[in-house]
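Trainee: I am new to this structure. Can we go through the terms one at a time?

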Amino acid sequence: MTIQQLKVLLEICKGKTLLETAEKMGLTQPTVSFHLRKLEEILGLELVRKTSRKLRPTEAALELLPYIRRIVFLGGELEEHAAQLHKRGGERLKIGASYTPATYLLPACFSAFQEEYPSIQLQLTVKKAGTIMAMLRNYELDAAVVSLPNSPEPGLSIQPLLEDELRLVVAPGHRLSGRREIEAEDLQGERLLLHEPGSTSRTLTEEWMNQTEIIFNQSMELGAIETMKEAVKCSLGIAVLPERSVIKEVAAGELIQFRLPNYRNRRYISLVCRADEQLPHNARLFSEFITNHFGDQKPRRNEKASS
C-alpha cells in the first residue's frame with residue numbers, strides 16, 4: 001500500500017472523476033485506475049463502483065476514509081518535516097479561526113509570530129467554530145483558535161486562552177442607555193438582533209434567552225458582527241455581542257454595553273488541537289507562542305462601559 005494509492009482514493013471520495021483525479025495528481029487515467037485496483041487487491045475490498053460516467057466510493061471506502069485522511073496527512077507532515085530538516089524555509093502553518101478571534105485578536109498575534117518565525121507561511125481559514133473543528137478533525141488544519149463554550153469536544157484538546165463574555169449592546173440614544181445596569185424585565189418587548197444559527201454566540205444567546213424567559217418583540221438574523229454593530233448604531237434593535245468585538249466602539253461612545261442579566265459566562269477564545277497526537281513542528285511553535293502571547297491578559301469585569 002502506498003500514499004499515492006490512498007491519495008487517489010481520497011480524491012475519488014471527494015466526488016472527483018478519473019479525469020479530474022488524474023489532472024490534479026499529474027497522472028494518466030490508466031495510472032489512476034491501476035492505483036485503485038491495486039489498493040482493492042491489497043485490502044481485499046471493493047472500494048469504488050462505476051455509475052454512469054462517475055466512480056462512487058463504496059460503504060467500505062467511506063468507513064476507511066478517516067484512516068485514509070490521517071495517513072495521508074501524516075505522510076504529508078513527514079515529507080514537510082524532512083524538507084525542513086534538509087533546508088529551513090518555505091514552511092507552512094494552516095490555522096483555522098472563528099470570526100471573533102480572526103477579526104479582533106489574531107492579526108496582531110500573527111504579526112508578532114511572523115517577526116519571530118519569518119520563514120513560516122501562515123494560512124488562515126475563517127469560518128464558524130463548528131466548521132473549523134470539523135476541518136481540524138479531518139486533518140485539513142494544523143490548529144485552530146475559536147470561540148467556544150467551556151465544554152469538552154470529542155477527539156479535541158481545548159485550551160482556553162481568553163475569556164470573552166457576551167455583552168448586551170445598545171445605541172447611545174436607546175431608552176436603556178443611561179442605566180447603570182439592566183434587569184431581565186427591562187428587555188421585554190425589545191427587538192433583538194441575532195447571530196447566524198450554528199455560531200457559538202447564537203447558541204449561548206439562545207440558552208440565556210431560554211433561562212431568563214425574556215419575550216422579545218421580534219428578532220432579526222444578521223450574519224456578521226460588523227453588520228450587527230452598524231444595525232445597533234442605526235437603532236434597528238439591541239444585540240448580544242462578544243465583549244472584545246465592541247471595545248473600539250464602546251471607547252468611542254458609539255455603543256453602550258452592559259452585563260447580561262442573570263448570565264454566567266461560558267464563552268472563551270480557545271486554542272484547539274487534535275487530542276492524543278504529537279503536534280506538527282510548526283503547530284507546536286504556534287501553540288507555545290499564542291499561549292505566551294495571551295498569557296498575561298486578564299478578563300475585564302467592568303459592569304458598564306461607555307464614553
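Mentor: Start with a helix contact. In α2, Leu 18, Leu 19, Thr 21 and Ala 22 meet Gln 29, Val 32, Ser 33 and Leu 36 of α3. This is a predicted model: local features need pLDDT of at least 70, side-chain atom pairs count only at pLDDT 80 or more, and totals for chains, interfaces and linings use all residues. Residues are numbered from 1 along each chain as its sequence is written, and side-chain values use heavy atoms, with hydrogens and water left out.

Trainee: Why are α2 and α3 called roughly perpendicular?

Mentor: Their axes cross at roughly 100 degrees and come within 8 Å. Axes are lines fitted to C-alpha atoms, for helices over the stretch in contact, and angles run from 0 to 180 degrees between N-to-C directions. Roughly perpendicular means 65 to 115 degrees. α2 and α3 are therefore roughly perpendicular.

Trainee: How do you know that β3 pairs with β4?

Mentor: Pairing needs at least two DSSP bridges between two strands. Seven bridges join β3 to β4, and the two run parallel. Arg 92 has Gln 121 in β4 as its bridge partner.

Trainee: What makes β4 and β6 edge strands?

Mentor: The open sheet has the order β4-β3-β5-β12-β6. β4 and β6 each have a single partner strand, so one side of each lacks a neighbour in the sheet.

Note on methods:
Helix = DSSP H or I, 4+ residues; strand = E, 2+ residues; numbered from the N terminus. Parallel < 35°, antiparallel > 145°, perpendicular 65-115°, else oblique. Contact = heavy atoms within 4.5 Å.
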